[in-house]
Amino acid sequence: MSAAGFMWDPRVAMHIYRDDHPLKPVRLVGVHDTLERLGAFGRPDAHVLAPRAATGAEIERIHDPEYISAVMRASRDPDSDYTAWGMSEWGDTPPFKGMHDVSLLTTGGTLVAMEEVIGGRLHVAFNGSGGLHHAMRRSASGFCIYNDPAIVCGLLADRGMKVAYVDIDAHHGDGVQVAFYETDQVLTISLHQYGFVPELGRMFFPGTGTAEERGRSRGAGYSINVALPRYTDDAAYTRAFDAVVPPLLERYRPDVLVTQQGIDSHFEDPLTQLMVSTRAREHVVRQFATTTSPWVAMGGGGYSLDAVRRAWSMEFLIMLGANIPKELHDAEPPEWTGVRRAQVDAAVDVAITGALDAAWT
Ligand SMILES: [Zn+2]
C-alpha cells in the first residue's frame with residue numbers, strides 16, 4: 001500500500017516566532033503549493049489531512065502540567081518573564097501570542113498522522129509542522145515548544161508497540177532521546193552534526209549526541225547517536241546512514257516507524273555546516289519507504305526556505321511512489337576531494353563505529 005497523507009492547515013503556517021527568527025512556519029506554504037502545482041494531491045493514493053488540537057492529556061504524556069500552564073500564560077501574555085521555562089524574548093524560543101494554541105495544532109497534526117497509519121488507512125502520513133524534537137519535560141528549547149515526536153512515540157509505546165524513531169535533522173534529537181533513555185520499547189537513532197564550531201566559538205547546538213549516550217538500564221543500547229563532523233557531504237552521509245540505520249531497524253523489528261525529517265542538514269542551510277543535498281535525502285527517504293510498518297513522518301528544522309520547499313516536496317512524492325521532477329533536485333551537490341575528503345571520511349568512520357558499538361546485542 002502506498003497511500004500517503006499530507007497534513008495541511010494554513011493556521012500552522014501563519015505564526016511568527018519573531019520577525020528575525022530563523023524558523024519561518026510560512027515555509028510550509030511553499031511545500032504545499034509546489035505539490036499542488038505538480039499534481040501530487042490529485043493522485044489516487046494522496047490524502048490531504050487536517051490536524052486537530054492535541055488534548056491536555058496527550059501533551060502531559062511528555063510535559064509537566066506546570067510547564068504547560070506556563071506556555072498557556074505566555075500564549076496570552078508574551079511580555080512577562082518565562083526564562084525559567086526556556087522561553088525568552090531574544091532567545092531561541094521566544095514567547096509569542098497564541099503559541100499554546102498553534103502548538104496544540106502542530107502536535108495534533110502528528111497525532112492525526114499516527115491515528116491514520118495505525119488505523120491502517122494510510123501507509124505513511126507526513127506532518128511538516130511537527131518534529132519539534134528539542135522540547136524537554138519542563139522546558140522549551142531550540143524553537144520547540146511541545147515535543148510532538150516524543151508524545152507520539154510515548155503514546156505508541158503505551159499501546160504496547162515497539163517504536164523505532166529515526167531523526168535525520170542536523171541537530172541531535174535530544175528531547176526524544178531523554179524521554180526514552182531507560183526503555184527498550186522506543187529505539188531512538190539520531191544522525192546529526194556534532195562538535196565545536198570555530199566560527200561560532202561554541203559547540204554545535206544542543207551539544208549532546210555522542211555515541212557514548214547509549215541509554216541506561218533497560219534502555220542501554222537503545223539510544224543510538226551518529227555524531228557527524230561538520231562538512232559531511234552526500235557520500236559520507238549516505239555511507240553513515242546505510243551502515244547504521246537499515247541494519248539496526250532490521251535487528252529491532254519495530255511495529256511502527258517514526259521519522260523526524262528536518263532538512264537543516266542541507267548544504268544551503270544557514271544554521272548548520274552539514275553539506276547534504278536532495279540526492280542523499282532521496283536515498284535516505286527511499287530507504288524509510290521500504291518499511292512495511294506503519295510510518296509516521298514529520299518535518300523539523302530547515303532554514304533555507306527553498307531547500308525546505310524542494311526537499312519536503314520530493315520526500316512526499318517518494319511516499320506516494322511518484323516520480324521526482326528534476327526541478328526539485330539540487331543541480332550541483334557539493335562533493336569533497338583531497339584532504340577534506342579524507343578528513344570527513346575518517347571522522348565519519350569513527351561516528352559509524354561508535355554508533356554500532358553502542359547498540360544493544
Ligand atoms: Zn535542526
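Q: Which residues coordinate the zinc ion, and at what distances?
A: The zinc ion is coordinated by Asp169 (OD), His171 (ND1) and Asp264 (OD), at 1.9 to 2.1 Å. The model is predicted, and these values are computed from it. Water is not among the atoms, so a site may look incomplete.

Q: What spacing do the donors of the zinc ion follow along the chain?
A: The pattern is D-x1-H-x92-D. Read it with the residue names at hand: Asp169, His171 and Asp264 are the donors.

Q: Are aspartate 169 and histidine 171 buried or exposed?
A: Aspartate 169 is buried, and histidine 171 is buried too.

Q: Which angles would be ideal at a metal?
A: Four tetrahedral donors have ideal angles of 109.5 degrees, and six octahedral ones have 90 or 180 degrees.

Q: Now to helix packing. At what angle do H4 and H5 pack, and how far apart are their axes?
A: A helix pair is read from an angle and a distance between axes. Helix H4 covers residues 99–118 and helix H5 covers residues 148–158; they pack at about 35 degrees, with axes 9 Å apart. Their crossing is right-handed.

Q: Which residues make the contact of H4 with H5?
A: From H4 come Thr107, Thr110, Leu111, Met114 and Ile118, while H5 supplies Asp148, Ile151, Val152, Leu155 and Leu156. By type, the residues of this contact are seven nonpolar, two polar and one charged.

Q: Why is threonine 107 called buried?
A: Threonine 107 has a value of 1%, so it is buried. This residue of helix H4 has a side chain that reaches the backbone oxygen of serine 103 at 2.9 Å. Leaving aside neighbours within four places in sequence, threonine 107 is in contact with Ala54, Ile59, Tyr146, Asp148 and Ile151.

Q: Where does glutamate 315 lie, and is it buried or exposed?
A: Glutamate 315 lies in helix H9, residues 305–320. Its relative accessible area is 1%, so glutamate 315 is buried. Beyond neighbours within four places in sequence, glutamate 315 contacts Gln261, Arg281 and Val285.

Q: Which side chain makes a polar contact with the side chain of histidine 283?
A: A polar contact is read from the distance between a pair of N or O atoms. Here the partner is the side chain of aspartate 242, at 2.8 Å. Histidine 283 lies in helix H8, residues 278–289, and is partly exposed, with a relative accessible area of 34%. Not counting residues up to four places away in sequence, histidine 283 touches Thr238 and Asp242.

Q: How far apart in space are phenylalanine 196 and arginine 230?
A: Phenylalanine 196 and arginine 230 are 34 residues apart in sequence and 9.0 Å apart in space, C-alpha to C-alpha. Phenylalanine 196 is placed in strand S6, residues 196–197, and is partly exposed, with a relative accessible area of 47%. Leaving aside neighbours within four places in sequence, its contacts are Gly201, Arg202, Met203 and Arg230.

Q: Where does isoleucine 16 lie?
A: Isoleucine 16 is in the loop between strand S1 (4–7) and helix H1 (27–37). With a relative accessible area of 54%, isoleucine 16 is exposed. Isoleucine 16 and proline 334 are 318 residues apart in sequence and 32 Å apart in space, C-alpha to C-alpha.

How values were computed: Residues numbered from 1 in each chain as written. Predicted model: local features only at pLDDT ≥ 70, side-chain atom pairs only at ≥ 80, totals over all residues. Heavy atoms only, no water. Axes fitted to C-alpha atoms, helices over the stretch in contact; angles between N-to-C directions. Helix = DSSP H or I, 4+ residues; strand = E, 2+ residues; numbered from the N terminus. Left-handed = near helix turned anticlockwise from the far one by under 90°. Contact = heavy atoms within 4.5 Å. Nonpolar A, V, L, I, M, F, W, Y, C, P; charged D, E, K, R; others polar. Buried < 20%, exposed > 50% of the residue type's maximum accessible area, 1.4 Å probe, protein only. Polar contact = N/O pair within 3.5 Å; in protein donor to acceptor, adjacent residues only side chain to side chain. Donors = N, O, S within 2.8 Å, 3.2 Å for Na, K, Ca; no water.
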